[in-house]
Amino acid sequence: MTEAHARAEICRVGRSLFERGYVHATAGNISVRLADGYLITPTDACLGALHPDRLAKLDLQGQQLSGDRASKTIVLHRRIYEASATTAAPAGCVIHTHSTHLVACSLQAGAATPQAELLPALTPYFVMKVGRVPHIPYHRPGAPEAAQAVVEAIERYAAAGRPIRAVMLARLGPNVWHDSPAAAMATLEELEETAQLWQLCRHQPPAPLSEAQIDELRQTFGASW
């Protein structure tokens, strides 16, 4: 992906997410890994009103080169790019939102533990398109402890042969990644849809897919659950 294409895609995806209510106000951010650095949405920018030329560009060491001031979440995004690079699910784009149903699931789940996951295997497409979503214990926005916890989760799941494409920061929102902005957005959409289903069924929680059903998805579609 060229830098010009990446800039255009970040703006297109940001506008789509904003217009459909996946983000609000100035919440959320999007970044893309380039051959010579990173692009990321500016701090306190509305994802529905991004301009390609005003996106922040940073070098591979995280030093800003151009554009408006980079979102502080570039620190976490860079850690995700680095930690996922050698897994079967390397990040080319990272999206962070405060999506309503996902945050609601986090609030209802209570205190997250290092081994917790946000949602069970409710639907085949959640298993196939998203996979397991570690629920990262609460830290203030931008805290280095959160970034370290995310790295440890990526490494832990990769070591078990189950690479992940998403984590849920307790009380804040998800970080999802894929090889392009369009693919990362699709992952986020499936994740938020599953959270909404879980919320709708919370008074009578449905049984998750069985291990045999999940294994069939692994064998047929290569699901990494």
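A residue counts as buried when its relative accessible area is under 20%. The exercises below concern a predicted model.

**Exercise 1.** Determine which residues of helix α2 are buried, and decide how far the rest of the structure encloses this helix.

Solution. 
- Step 1. Helix α2 covers residues 74-84.
- Step 2. Applying the cut-off gives Ile74, Leu76, His77, Arg78, Ile80, Tyr81, Ala83 and Ser84 as the buried residues of α2.
- Step 3. That is 8 of the 11 residues, so α2 is largely enclosed by the rest of the structure.

**Exercise 2.** Describe how α2 packs against helix α5.

Solution. 
- Step 1. Helix α5 spans residues 144-159, and its axis lies 9 Å from that of α2, at an angle of about 20 degrees.
- Step 2. Angles under 35 degrees count as roughly parallel, and α2 and α5 are therefore roughly parallel to each other.
- Step 3. The crossing of α2 past α5 is right-handed.
- Step 4. On the α2 side the contact consists of Leu76, Arg79, Ile80, Ala83 and Ser84; α5 contributes Ala147, Gln148, Val150, Val151 and Ile154.
- Step 5. Sorted by class, these residues are 7 nonpolar, 2 polar and 1 charged.

**Exercise 3.** Identify the residues with the most contacts inside the largest nonpolar core, the elements that supply it, and the surroundings of Ile95.

Solution. 
- Step 1. The largest nonpolar core has 40 residues, and Leu17, Ile95, Val127, Val133 and Leu191 have the most contacts inside it.
- Step 2. At least two residues of this core come from each of several elements, including the helices α1 (3-19) and α6 (181-200) and the strands β1 (29-34) and β5 (93-96).
- Step 3. Another core, of 25 residues, lies apart from the largest one; Tyr81, Ala83, Ala149 and Ala153 are among its members.
- Step 4. Beyond neighbours within four places in sequence, the contacts of Ile95 include Val13, Leu17, Ile30, Pro181, Ala184, Met185 and Leu188.
- Step 5. Of these contacts of Ile95, Val13, Leu17, Pro181, Met185 and Leu188 also take part in the contact of α1 with α6.

How values were computed:
Residues numbered from 1 in each chain as written. Predicted model: local features only at pLDDT ≥ 70, side-chain atom pairs only at ≥ 80, totals over all residues. Heavy atoms only, no water. Core = buried A, V, L, I, M, F, W, Y, C linked by side-chain atoms within 4.5 Å. Buried < 20%, exposed > 50% of the residue type's maximum accessible area, 1.4 Å probe, protein only. Helix = DSSP H or I, 4+ residues; strand = E, 2+ residues; numbered from the N terminus. Contact = heavy atoms within 4.5 Å. Axes fitted to C-alpha atoms, helices over the stretch in contact; angles between N-to-C directions. Parallel < 35°, antiparallel > 145°, perpendicular 65-115°, else oblique. Left-handed = near helix turned anticlockwise from the far one by under 90°. Nonpolar A, V, L, I, M, F, W, Y, C, P; charged D, E, K, R; others polar.
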